[in-house]
Amino acid sequence: MEPSRGGHAMRSIWLGTLVTLTLLGCSNVPSAAEAPALEGTSWILVSLAGQASIEGQPATVRFEGGTVQGSDGCNRYSAPYSVRGASIEVGARGVSTQMACAPEVMARASAFTAALSASSSHRVRDGHLELLGSDGAVLATLAAQPQALAGTAWRATGINNGRGGLVSPVSGSMVTMRFEADGRVGGSAGCNRFNARYVATGPNLRITAPATTRKMCEASLMEQEQAFLKALESVATMRFEADRLELRIEAGALAVTLLREPGS
């Protein structure tokens, strides 16, 4: 006996309702296309729970080797993480430096690390990484870390002194670098102007032996200049973090740390 037309209609309505409920039930789960691989990516905090990040040192996130690390806006942190599809879990056994900052900065830093720990899934929309809670609410939104070197200008904040230490520039001196699109890099070594060639491929960076002017300065500046120029020749890799740039030797030790010049 064939089903009645009314039976067919009721079955269609039931199936339509089931599909609708299924879609609604999955609405908070990012699709595979929205959840790209995180390993090797870097991000800068834009907002927490819809509230814009405060001015000052921005919070950052880098996923590398099963570890999430960066700055919470005050202190450095590191914690294990794991990803399966769109799901993400940040371990509670993290480590952090213990520097004190202004109360509002400390509060923001605590809110950021809490959001990171509470994240259960992630997705990327319009070039931004969104970390979501178990209820699908957006806990934090982060922008991709710019990786372009050409056209940027920097001021050195730390120089390897050649004796295993990273030291601040001599008081009152300015050590700078500017990377041009044609492969030239130049600036001030603190006393003399210098120029060299560079090749950047992904995280790898090589700088040729710099040529300099021949001006003489006080002994401390000349010593700093020699250490800086030697450090440049030892550079093997680079890493961007917000408005900072780290240049490292092959073994991983810091050669030079730099701060981006405004507008570059």
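Predicted model: local features only at pLDDT ≥ 70, side-chain atom pairs only at ≥ 80, totals over all residues.
Residues are numbered from 1 along each chain as its sequence is written, and side-chain values use heavy atoms, with hydrogens and water left out. Local features need pLDDT of at least 70 and side-chain atom pairs pLDDT 80 or more, while totals for chains, interfaces and linings use all residues.

Q: Why is the pair Arg 62 and Glu 64 called a salt bridge?
A: The term needs a side-chain nitrogen of Lys or Arg within 4 Å of a carboxyl oxygen of Asp or Glu. Arg 62 and Glu 64 have N to O at 3.2 Å, so the pair meets the cut-off. The structure holds 9 salt bridges.

Q: What makes Arg 62 buried or exposed?
A: Buried means under 20% relative accessible area, exposed over 50%, and partly exposed in between (1.4 Å probe, protein chains only). Arg 62 has 18%, so Arg 62 is buried.

Q: What makes Arg 239 and Glu 64 a salt bridge?
A: Their closest N and O atoms are 2.8 Å apart. That is within the limit, so the label holds. The pair links distant parts of the chain, with Arg 239 in strand S18 (residues 237-241) and Glu 64 in strand S3 (residues 60-64), 175 residues apart. Strands (E, at least two residues) and helices (H or I, at least four) are DSSP runs, numbered from the N terminus. Arg 239 is partly exposed, at 24% relative accessibility.

Q: What makes Arg 123 and Glu 130 a salt bridge?
A: The closest N and O atoms are 2.6 Å apart, so the pair qualifies. Both Arg 123 and Glu 130 are buried.

Q: How do you know that Cys 74 and Cys 101 form a disulfide?
A: A disulfide is a pair of cysteine sulfur atoms within 2.5 Å. Here S to S is 2.0 Å, so the pair counts. The torsion about the S-S bond is about 95 degrees, so the disulfide is right-handed.

Q: Why is the disulfide of Cys 191 and Cys 217 called right-handed?
A: The S-S torsion is about 85 degrees, so the disulfide is right-handed. The sulfur atoms are 1.9 Å apart. Cys 191 lies in the loop between strand S14 (184-188) and strand S15 (193-201), and Cys 217 in the loop between strand S17 (211-212) and helix H3 (219-234). The pair therefore ties together parts 26 residues apart in sequence. Cys 191 has a relative accessible area of 12%, so Cys 191 is buried. Cys 217 has 22%, so Cys 217 is partly exposed.

Q: What pattern do the disulfides follow?
A: With bonded cysteines counted along the chain, the pattern is 1-2, 3-4. The structure holds 2 disulfides.

Q: How do you know that the buried residues of H2 line one face?
A: Seen down the axis of H2, the buried residues fall within an arc of 125 degrees, so they line one face of the helix. The arc is that of the directions from the helix axis to the C-beta atoms. Among these buried residues are Arg 108, Phe 112 and Leu 116.

Q: What makes the span of H3 close to the expected value?
A: The expected span is 1.5 Å times one less than the number of residues. H3 has 16 residues and reaches 23 Å from its first C-alpha to its last, close to the 22 Å expected.

Q: What makes a set of residues a nonpolar core?
A: The members are buried Ala, Val, Leu, Ile, Met, Phe, Trp, Tyr and Cys residues joined through side-chain atoms within 4.5 Å. The largest such core has 27 residues, and Phe 228 is one of those that touch the most other members. H3 gives the most to this core, with 5 residues. A second, separate core of 20 residues includes Leu 38 and Val 90.
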